[in-house]
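Here are some notes for a colleague who is opening this entry for the first time.

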Amino acid sequence: MSNSELIERYLNAVKLWLPRKQQMDILAELSEDLHSQIEDRESAASRPLNEDELVALLKQRGSPMRIASGYIPEQRLINPAMLPIYWMVLRIVLLWVLAPILVTVSFGPIFRSGHPLMAFMRFMAASWQAPFFVIGIITTIFFLLDRYQDQWVDRWDPRKLPRVPASHPQMQWYNDFAGFAFGMAAFTFWAVIMRHRSEFVFDTGFRIGLAPIWGQLYWLILALMLMRALVNLYCFVRPAWNAARSWIRLALDGVEIVIALLLLLRVANWVDIAGPNVAPTDAAKLVQLVNGMMQVSLILIPVITAFDVYRQGRLLRRAKNGQSAPILTLS
Amino acid sequence: MHTNGTNSGQFENLRLELRRGCLAVAVLGQLRTELYGYAIRKALSEQGLAIDENTLYPLLRRLESQGLLVSQWREEDKRNKRFYRISPVGEEVLASLLAEWRQMNSALERILAVPAGKTEEQIQ
């Protein structure tokens, strides 16, 4: 191969990685530098460089990708300062939330099946995307945090920083952590198991059908679960109370009450149950029992949430009246 | 326990950090005279500050985009070359950087003049 062809190939390979707008300009300069260096070497040796010498020179300059990397503006997906929290959240969600859920969900079908290995393979084939889905969502959240944090990170005032808790809120700390872990568990379950799901069918032919309203409210419920978990994570990382936190909790409480009411006001059943070996009268009783329990749960949700509305409202009122000390350890 | 490999790796990282800022000052200083890329490399190298092309050209572009350098393509020895020189803003920044450099250097000299384990008051 001729020297000029080697140089052409090298520069063309560099070009592939360069920012489009500056490609020709950078290449012209690199080409000039390379030819100057070759001329210098040739005049020192009093002869043209042979192919091996030119290859050695190009290798010394570095691979095309490495050369081009110097011209590419520094880019990042996640702020390095947030990486430790990112890894912590990923670890918690994958190891302590997703893995137990997958094990729990797979346990029954695998051990009831006559072919456990096949059942395991079937389960793996159906659920292999779950970790990627979860990683994708968490990464997107941190990316958005990084993208938009510049808008508020520099707008700060020492007088508006959260107060230091009057006492160590150990109990609250555990509550917030548990809230985050269970919140992510619920979110993962909803995101992975309930996605595009209109019924659960078991090996025995037993099936639990879900009313269409679950599909209609799917994304709203998913977003609420994620927001709840994130607020708990924020409270866990930043234990001191602030007004914004209470307002966000109030907004989430509002959404939760609306969802519960939408579900409650629905006339028909929330789930239907049927099975090949279940008599119609027994199935009807079972459906009545399960839906009755769901009705009680759906009534309890707004009641419990209303307590939180009251608590957050009280915190905000007390903060407004300057009675800050007792509320510092509460979220 | 640190191995020699770890120590040399740490030294290399610190050396690169130390060089990074110095190179920008050196390039600005060198470009008080107009030069093209390869000639800048040679001039710096002859004065004991070798810099490879993968560091120099991105640095030149960065300094130019910051308005500290100006450049123009010109033909010389039958080849098109991009000539750089320091801009008026660059000259002001260079003067400030050199003042900062001298201040840091004299502070460093004072710090290192005190033997390890002693304070300046103990010496006096």
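1. In this predicted model, A:Cys235 has a relative accessibility of 1% and is therefore counted as buried, the cut-off being under 20%.

2. B:Cys22 has a relative accessible area of 27%. Buried means under 20% and exposed means over 50%, so B:Cys22 is classed as partly exposed.

3. How many disulfides are there over all chains? The count comes to zero by the rule applied. A disulfide would be a covalent bond between the sulfur atoms of two cysteines.

4. The contact between the two chains draws 17 residues from chain A and 16 residues from chain B. About 1,600 Å² is buried between chain A and chain B, and carbon and sulfur atoms account for 42% of it. Of the area that chain A buries against chain B, 37% comes from A:Glu29, A:Glu32 and A:Asp33, more than from any other three residues.

5. Nine salt bridges are found across the interface of chain A and chain B. One of the salt bridges joins B:Glu53 to A:Arg61, with 3.7 Å between the closest N and O atoms. The interface also has 13 residue pairs in polar contact, with both residues at pLDDT 80 or more.

6. Which helix gives the most to the side of chain A that touches chain B? That is helix α2 of chain A, residues 23–45, with twelve residues. By type, the residues on this side of chain A are seven charged, five polar and five nonpolar.

Methods:
Residues are numbered from 1 along each chain as its sequence is written. Chains are lettered from A and ligands numbered from 1 in the order in which they are written. This is a predicted model: local features need pLDDT of at least 70, side-chain atom pairs count only at pLDDT 80 or more; totals for chains, interfaces and linings use all residues. Side-chain values use heavy atoms; hydrogens and water are left out. Contact means heavy atoms within 4.5 Å. Buried area is the accessible area (1.4 Å probe) that two parts lose on being put together, summed over both. A salt bridge is a side-chain nitrogen of Lys or Arg within 4 Å of a carboxyl oxygen of Asp or Glu. A polar contact is a pair of N or O atoms within 3.5 Å; within protein, one must be able to donate a hydrogen and the other to accept it, and residues adjacent in sequence count only if both atoms are side-chain atoms. Helices (H or I, at least four residues) and strands (E, at least two) are DSSP runs, numbered from the N terminus. Ala, Val, Leu, Ile, Met, Phe, Trp, Tyr, Cys and Pro count as nonpolar, Asp, Glu, Lys and Arg as charged, and the others, Gly among them, as polar. A disulfide is a pair of cysteine sulfur atoms within 2.5 Å. Buried means under 20% relative accessible area, exposed over 50%, partly exposed in between (1.4 Å probe, protein chains only).
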